[in-house]
Amino acid sequence: MTDGAAARCAPGAARRPGAALAALAFAALALGLAPGASAQPLRDNQYAIDLFQGPILAPLRVTGIAGAYAAYAEGIAGMVANAAAPALREPFSTNWLEGDVAASISIPIELFENNDFDNSGDVDLDYSNFVYVTLGGQLQAGDFGLGVNAELQRYSVTPAADAGGRGAKTSVVIGKYHFLGGVRLLGDALALGAGARAVTLSVDADRTSLTKSGIAPELGLLVRPDWASYRLGATLRLPVNGGRLRGEGMTVDEAGVKRGGGLILPNEVVLPWELEVGLAVQVGPRPLNPAWLDPHEQERELRARIARRRAAREERRRRELAGIGDPGERAARARALAAERARELAADERELAAGPAVLKRERRARYWNWPREHLLITAELLVTGAVANGVSMARFLAQNERESDAGSAVGTSGAYVSFSPRFGIETEPLPGLVHTRFGSYYEPNRFGRVGRQHFTFGADLRVLSTTLWGVIPETAFTLQASMDFAPRYDSVSAGIGVWH
């Protein structure tokens with residue numbers, strides 16, 4: 001398990017928020033730069049909820065390096081950044097067939113009065129009862145890999161003016177899912193992945209329960225030549241259109257406007273398309289892209305080596321017997337050689353039987369004997385598509401807030417393509433004991449104003465090694481933490497992980 005249970009200390013809001021890069025950014029613009037829409041109050045259903053997530057909400061390692069993970073993409077955490085992640089063999093992978101699971105849970109603790117969930121510039125809503133859960137798993141067999149990752153966000157929203165409980169609360173659950181498959185090509189030099197990104201949304205308000213779901217393809221690639229000190233990664237996620245909210249408690253007024261829980265419902269809910277491209281470079285004695293040793297290939301080579309050795313011995317014995325002219329002496333020597341053959345065959349069988357375990361120990365020792373010192377530098381650009389007639393989730397839910405019409409307007413969220421450059425650094429200042437991460441990313445403002453800069457930090461502290469009374473192989477565990485700070489926003493997370 002790569003990530004254990006984690007606790008997130010936050011203000012009660014959800015926390016997800018080069019010429020080559022320039023060319024890809026230009027291509028992203030060609031995918032759909034929507035013109036700006038004039039702002040209109042919510043008077044009918046002709047608008048879409050823009051499910052853009054600004055602050056990073058991701059596994060601790062991804063958050064620690066500011067989300068710049070598309071080119072590194074290791075582990076289950078890599079599935080949120082690169083669709084090719086399930087095919088990537090991590091340096092400590094020693095088995096032909098391997099499985100892994102990861103889970104975390106985040107709960108809010110109010111630290112500061114930083115509660116600008118949607119980066120609107122105002123602390124206009126109170127977010128409480130927030131829970132963020134992730135659960136993922138992957139299975140790798142030789143050059144192929146499959147992975148599934150789920151992220152669930154649940155929170156209650158109350159108008160800030162009524163945070164004492166007088167206002168009507170609305171509960172929201174957002175689910176984001178990745179179903180991916182990948183393959184390694186050219187050794188480890190290229191990994192390709194494809195699959196689907198799905199989203200679900202449920203809204204529970206006064207006597208109203210509404211849901212929606214949608215799914216769309218995503219594609220990814222990762223370039224990591226064996227023993228090179230760099231990686232390149234990219235992922236394209238097509239937009240997910242979930243259509244209308246459906247469920248219980250929906251009404252239609254005389255003007256034909258659909259409502260639920262006092263809210264004017266959207267015509268559609270959209271998770272915009274994304275293009276994520278990145279570069280990772282590592283300096284220092286620790287290798288970034290060691291060649292993966294395929295256990296089946298190693299065992300085939302062991303069997304072939306023993307077969308060649310047997311053939312050489314038989315040829316030597318044949319020549320020796322052919323050089324003995326006396327029949328009696330040749331027969332006596334043949335009996336001695338037969339006994340010798342039996343002993344050698346028994347030794348060969350013992351070597352073959354022990355071979356897989358010996359080779360696995362050698363693969364594990366190869367990994368643990370590498371030097372720990374390194375400096376990993378990652379950079380990426382996340383491009384998020386436009387949403388026609390978009391309204392943010394916060395503005396949609398704020399309809400029940402008094403005097404909110406001016407703030408909840410059609411076309412105010414996602415009228416243009418957004419760009420989020422990201423940068424991260426990872427190193428091990430105390431080799432074998434402490435791992436640290438730093439990063440910064442720009443959160444674009446979907447309302448057409450200047451965004452805000454985030455600064456992230458993370459650390460792992462190795463605390464103990466155990467076999468859990470022989471249940472698992474000896475495993476080193478760590479205490480983990482990550483932090484994300486920006487104007488009107490803070491997030492602090494802690495958890496338990498495995499040291500690699």
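On a 1 Å grid over the protein atoms alone, a pocket is an open set of points with protein on both sides within 12 Å along at least five of seven lines, and its lining residues have an atom within 4 Å of a point. The model is predicted: local features need pLDDT of at least 70, side-chain atom pairs count only at pLDDT 80 or more, and totals for chains, interfaces and linings use all residues. Residues are numbered from 1 along each chain as its sequence is written, and side-chain values use heavy atoms, with hydrogens and water left out.

**Exercise 1.** Describe the lining of the largest pocket.

*Solution.* 
Step 1. The lining consists of 31 residues; Phe92, Arg364, Thr475, Val498 and His500 lie nearest the centre of the pocket.
Step 2. Two or more lining residues come from each of strand E4 (97-106), strand E5 (125-141), helix H4 (327-368), strand E23 (452-466), strand E24 (475-486) and strand E25 (489-498). Helices (H or I, at least four residues) and strands (E, at least two) are DSSP runs, numbered from the N terminus.
Step 3. H4 supplies the largest share, four residues.
Step 4. Sorted by class, twelve lining residues are nonpolar, twelve polar and seven charged. Ala, Val, Leu, Ile, Met, Phe, Trp, Tyr, Cys and Pro count as nonpolar, Asp, Glu, Lys and Arg as charged, and the others, Gly among them, as polar.

**Exercise 2.** Determine how E23 pairs with E24 and with strand E22.

*Solution.* 
Step 1. Two strands pair if DSSP finds at least two bridges between them.
Step 2. E22 (residues 434-443) runs antiparallel to E23, and ten bridges join them. Glu443 has Arg452 in E23 as its bridge partner.
Step 3. E23 and E24 also run antiparallel, joined by eleven bridges. Here the bridge partner of Leu464 is Phe477 in E24.

**Exercise 3.** State how many helices and strands the chain has, and what percentage of its residues is buried.

*Solution.* 
Step 1. The chain contains five helices and 25 strands.
Step 2. Of its 500 residues, 51% are buried, meaning under 20% relative accessible area (1.4 Å probe, protein chains only).

Terms used
1 Å grid on protein atoms, 1.4 Å probe; cavity = no way out; pocket = protein on both sides within 12 Å on 5 of 7 lines; lining within 4 Å. Buried < 20%, exposed > 50% of the residue type's maximum accessible area, 1.4 Å probe, protein only.
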